Number of protein chains: 2
Amino acid sequence: MVEEASNKQVILKDYVKGFPKESDLILKTSIVKLKIPNQCSNDAVLVKNLYLSCDPYMRGRMAKTEGSYIDSFTPGSTITGYGVAKIVDSSNPDLKKGDLIWGLTGWEEYSLIKLTQGLFKIQNADLPLSYYTGILGMPGHTAYIGFYEICSPKKGEYVFVSAASGAVGQLVGQFAKLFGCYVVGSAGSKDKVDLLKNKFGFDDAFNYKEEPNLDAALKRYFPNGIDIYFENVGGKMFDAVLLNMRVNGRIAVCGMISQYNLENPEEGTRNLLCLITKRIRMEGFLVFDHYGLYPKFLEMVVPLVKQGKITYVEDVAQGLENAPNALVGLFSGRNVGKQVVVVASE
Amino acid sequence: MVEEASNKQVILKDYVKGFPKESDLILKTSIVKLKIPNQCSNDAVLVKNLYLSCDPYMRGRMAKTEGSYIDSFTPGSTITGYGVAKIVDSSNPDLKKGDLIWGLTGWEEYSLIKLTQGLFKIQNADLPLSYYTGILGMPGHTAYIGFYEICSPKKGEYVFVSAASGAVGQLVGQFAKLFGCYVVGSAGSKDKVDLLKNKFGFDDAFNYKEEPNLDAALKRYFPNGIDIYFENVGGKMFDAVLLNMRVNGRIAVCGMISQYNLENPEEGTRNLLCLITKRIRMEGFLVFDHYGLYPKFLEMVVPLVKQGKITYVEDVAQGLENAPNALVGLFSGRNVGKQVVVVASE
């Protein structure tokens, strides 16, 4: 007799337009058998999900899109995302019952993952496991690739990070400081700005919501201009940054969260001519293309975390029932730090 | 007694807003002494101008700008630009009377150039001298740098060039064909489209003015998408191109002529999110930064021109009195091919 368990799941009601609402996601409970079905391949795992990651890119998957780098969610089905999980049953000899992994899993208590190729086995289980949704997982690797590989930083350069207290931004700022750059971040509340200055060691930070003129704000924080912009937000901020870039500046385009919920952006970017006059290189990237460098990233970041040279702030929601609210909160910037959902504590 | 000559000059009346008009430039005649004044440094030349180059970047110099890569013209003074000239008098031992040079000179019959650093001595005088305002000069070098250095082309890639019959575009297309790429160009008249297909050997070409939906047009010409976009125009075309780029595409931003005359661009760019989803690298460049590669460029291009493997089309205006009209015509796309002004025939 195969053991069974109750399985709470987060389902996408229908494709989303505009800002996602909590009610776009519904909770459902089903029953799951805690064993890999016989008909499954010899490369499947059944996992118990421990932590789920709320990430801005998930907004794109809530809409009906075609030909994107990642599929849309299916209305009526459980959504998926990055998470940390413990293996309950496995048909892959490299992944054993009790092993911890991180990678794409379901927003539910138990998931059957039919292809294990994209999963990473967790080696450093002495660090908080939730960190594998953030600093040691996809967002951390994103910050690493974006800053070191895409921005080609030089010591002493002026770096600006938007959405700087977020899962990626807080690390980019700390990497840049460790590298010897001057770093300013923007965020959307006083608390976040305090965090940037007092906890993450940014040289300075400002609340973009209190700046009627972003161009003037950037000129105040960067009187000599910006060498590197780590772009997380898009929109008006991007336009203002273009005016303040230095010659031979670099822009890593990681995200444009201000644009994700707009059906028809009210205003487009107007200052692209600066790309020529200032000879700017601007490059979009997706961390998925760079997982070959993940071991190198861990080699650098794990000691830094252990030595306390990098800190990481999480905003933790308890329980799958709070997951829809946590995810939706990303798009109004309600989270302070990396938004995580605790599904179960091991 | 120092010989004197009459010197016709093209003067900027005042800073220009919006589309430049012929009347923004006025003609004046003064008297010039055909000898370098005693008080001039030991690095000056007095030249007789033969050919002047009409280039889109000159629009920026007609406006009052600060901190740009190149100074504004001075209202009331002779404008300057690239040209081909013959040396009449010289205080630099490397440049002798009778030598031919190209570089920044005045829009007038005779110019005193007080710093010769930016001048290039013409070695291949067996090719048409006017070519040093185009294929063998700044625009040719721009096409070379933009295509080979900025676009990182690979054989078999799909290349799109806007303003493709212009001074730079016609060369980019021919370089790309010689390199083994598939090349489509856009231009603004039937004549220009014919030129692209029949004279320059583009694989295909279209008149953007006859395309109500540029996205649909690009999908027709590039069903598999665009690997390399050589950007000369900006605006709506750029936005449509973003939607049609392939993963890991590259965009060399050479110019955005559709934007130069707009005080307040009506519409900005809305599709920049494609930079992320398609991992696009976009890079603005100025040829001035790359003159170290000019000898390498000539080494490649001179034989190609001599062997007839590259052709070049010029639109020639006769006499300085027609220079204002020729320059202004660039911005309505009246020129077919590189716009040159003949000041004197040697």
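This is a predicted model: local features need pLDDT of at least 70, side-chain atom pairs count only at pLDDT 80 or more; totals for chains, interfaces and linings use all residues.
Biologist: What makes strand 8 and strand 9 of chain A a pair?

Modeller: Two strands pair if there are at least two bridges between them. Strand 8 (residues 158-161) and strand 9 (residues 182-187) of chain A have 4 bridges, in the parallel sense, so they count as a pair.

Biologist: And how many strands form the open sheet?

Modeller: 12 strands, with mixed pairing, in the order 10(A)-9(A)-8(A)-11(A)-12(A)-13(A)-13(B)-12(B)-11(B)-8(B)-9(B)-10(B).

Biologist: Why is one side of strand 10 left without a neighbour in chain A and in chain B?

Modeller: Strand 10 (204-207) of chain A and strand 10 (204-207) of chain B stand at the edges, so each has just a single partner strand. Neighbouring strands here are turned by 15 degrees against each other on average, ignoring direction.

Biologist: Which strands does helix 4 of chain B touch?

Modeller: Helix 4 (residues 190-199) packs on the sheet, touching strand 9 and strand 10 of chain B, and makes about 175 degrees with the direction of strand 10. Helix 5 (residues 214-221) of chain B packs on the sheet too, touching strands 8, 9, 10 and 11 of chain B, at about 165 degrees to strand 10.

Biologist: What follows helix 2 of chain A?

Modeller: A:Ser152, with a positive phi near 40 degrees.

Technical notes
Residues are numbered from 1 along each chain as its sequence is written. Chains are lettered from A and ligands numbered from 1 in the order in which they are written. Side-chain values use heavy atoms; hydrogens and water are left out. Helices (H or I, at least four residues) and strands (E, at least two) are DSSP runs, numbered from the N terminus. Axes are lines fitted to C-alpha atoms, for helices over the stretch in contact, and angles run from 0 to 180 degrees between N-to-C directions. Contact means heavy atoms within 4.5 Å.
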